[in-house]
Amino acid sequence: MTDAVVDAKAACAALHEAASLMREDPNRSGSLIRFGSAGQLVLTGDMHGNLKNFEKLQRFCDLERSPGRSVILHELVHEELHGHDDIDYSIDLLVRAAQWKVAFPDNVFFLQSNHELAQLRGQEITKGGRSVLDDFARGVELRFGRQRDEVLAAVNDYIAALPLAARTANGIFVCHSLPDPLLLDGFDITLFDRIPSEADLSPGGPGYALVWGRFQTPDEVAFFAERLGVKLFVVGHTPQEFGYARVGQMLILGSDHNHGAFLPVDLSKDYTPEMLEAAVRKFVSVA
Ligand SMILES: [Mn+2]
């Protein structure tokens with residue numbers, strides 16, 4: 001079993017430091033991070049507190065010895081709970097991911113997701129009849145006791161600093177999801193040129209639509225790719241029982257369970273959707 005982070009001061013420091021690194025990221029403009037055409041970029045889907053897959057990802061990335069490799073993570077919070085007494089300890093993953101960012105600021109990146117955004121906005125999501133906000137706060141309280149509120153505030157600082165998307169020189173656009181089909185046409189793509197406002201991230205706003213959308217067809221994905229001038233999308237959000245699925249030019253990854261997957265992308269290579277799909281790796285293949 002992995003050691004939890006129990007020092008509230010250290011946890012808050014890591015979250016705040018990760019937040020300032022994200023705000024000051026030299027690769028960032030507005031709410032978009034840009035990657036050039038050198039090195040490898042490792043993409044993931046929803047993690048939802050899965051420390052086991054996170055540790056495998058850290059071993060695979062081996063950033064100590066692989067300065068040319070970068071990794072993008074999203075939707076780290078709100079673990080799926082099974083029994084009534086099950087505790088959401090996804091704060092552990094969030095803090096450890098923040099510490100990873102602090103250790104490798106030029107290699108570790110995060111994106112906004114609907115669960116992180118719901119945590120920031122205090123917006124209830126019910127999973128299996130339970131309140132994810134209450135469950136998360138309970139886990140934070142069990143870990144940090146009376147420092148609970150300080151840690152929750154640091155979590156909010158971290159979430160507020162998250163960029164919305166990443167774009168690579170070889171035409172891959174990475175975000176948590178895409179807007180619902182009916183919103184693709186009128187979607188305000190200048191969103192990516194600015195730091196998202198509160199309105200952008202509220203219901204009816206484009207940032208909100210981006211992280212909550214689902215059910216696009218291959219034609220709708222192609223239409224949106226054309227609007228953004230990209231070739232491929234890599235997203236998470238829609239649960240993937242077998243780790244991934246491809247919808248035309250969009251690959252959906254799920255990284256939060258034993259059949260979870262991730263995707264190492266060679267930034268110097270030109271990918272077809274089929275090549276991208278063939279590059280998917282399962283966490284079970286990582287020792
Ligand atoms: Mn999601």
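Helices are DSSP runs of H or I with at least four residues, and strands are runs of E with at least two, numbered from the N terminus. The axes of α2 (residues 51–61) and α3 come within 10 Å and cross at roughly 15°. Such axes are lines fitted to C-alpha atoms, for helices over the stretch in contact, and the angles run from 0 to 180 degrees between N-to-C directions. The two helices α2 and α3 are therefore roughly parallel to each other; angles under 35 degrees count as roughly parallel, over 145 as roughly antiparallel, 65 to 115 as roughly perpendicular and the rest as oblique. Leu51, Phe54 and Gln58 of α2 meet Asp92, Leu93, Arg96, Ala97 and Trp100 of α3, where contact requires C-beta atoms, placed from the backbone, to lie within 7 Å.

The structure is a predicted model, in which local features need pLDDT of at least 70 and side-chain atom pairs count only at pLDDT 80 or more, while totals for chains, interfaces and linings use all residues. Residues are numbered from 1 along each chain as its sequence is written.

A second pair of helices is formed by α1 and α6, whose axes come within 8 Å and cross at roughly 15°. They are therefore roughly parallel to each other, and α1 passes α6 in a left-handed crossing. On the α1 side the contact is made by Ala8, Ala11, Cys12, Leu15, His16, Ala18 and Ala19, and on the α6 side by Glu150, Val151, Ala154, Val155, Asp157 and Tyr158.

Helix α1 itself has 16 residues and reaches 23 Å from its first C-alpha to its last, close to the 22 Å expected; the expected span is 1.5 Å times one less than the number of residues. Its buried residues are Ala11, Cys12, Ala14, Leu15, Ala18, Ala19 and Met22. These residues cover an arc of only 160° around the axis, which puts them on the same side of α1; the arc is that of the directions from the helix axis to the C-beta atoms. A residue is buried if 20 or more other C-beta atoms, placed from the backbone, lie within 10 Å of its own, exposed if 12 or fewer, and partly exposed in between. On the other side of α1, Lys9 and Ala10 are exposed. The buried residues of α1 pack against α3, β5 (108–111), α5 and α6.

In α5, the residues Val132, Phe136, Gly139, Val140, Arg143 and Phe144 are buried. Seen down the axis, they fall within an arc of 110°, so they line one face of α5. An α-helix has 3.6 residues a turn, so residues three or four places apart point the same way. The cover over the buried residues of α5 includes α1, α3, α4 (114–121), β6 (126–127), β7 (130–131) and α6.

Just after α5, Gly145 takes a positive phi of about 55°. Arg146 lies in the loop between α5 and α6, and is exposed, with 8 other C-beta atoms within 10 Å. The C-alpha atoms of Arg146 and Ala8 are separated by 9.4 Å, although these residues are 138 residues apart along the chain.

Another loop residue, Glu79, is found between β4 (69–74) and α3. With 25 C-beta neighbours inside 10 Å, Glu79 counts as buried.

Technical notes:
Two residues are in contact if their C-beta atoms, placed from the backbone, lie within 7 Å. A crossing is left-handed if the near helix is turned anticlockwise from the far one by less than a right angle, and right-handed if clockwise.
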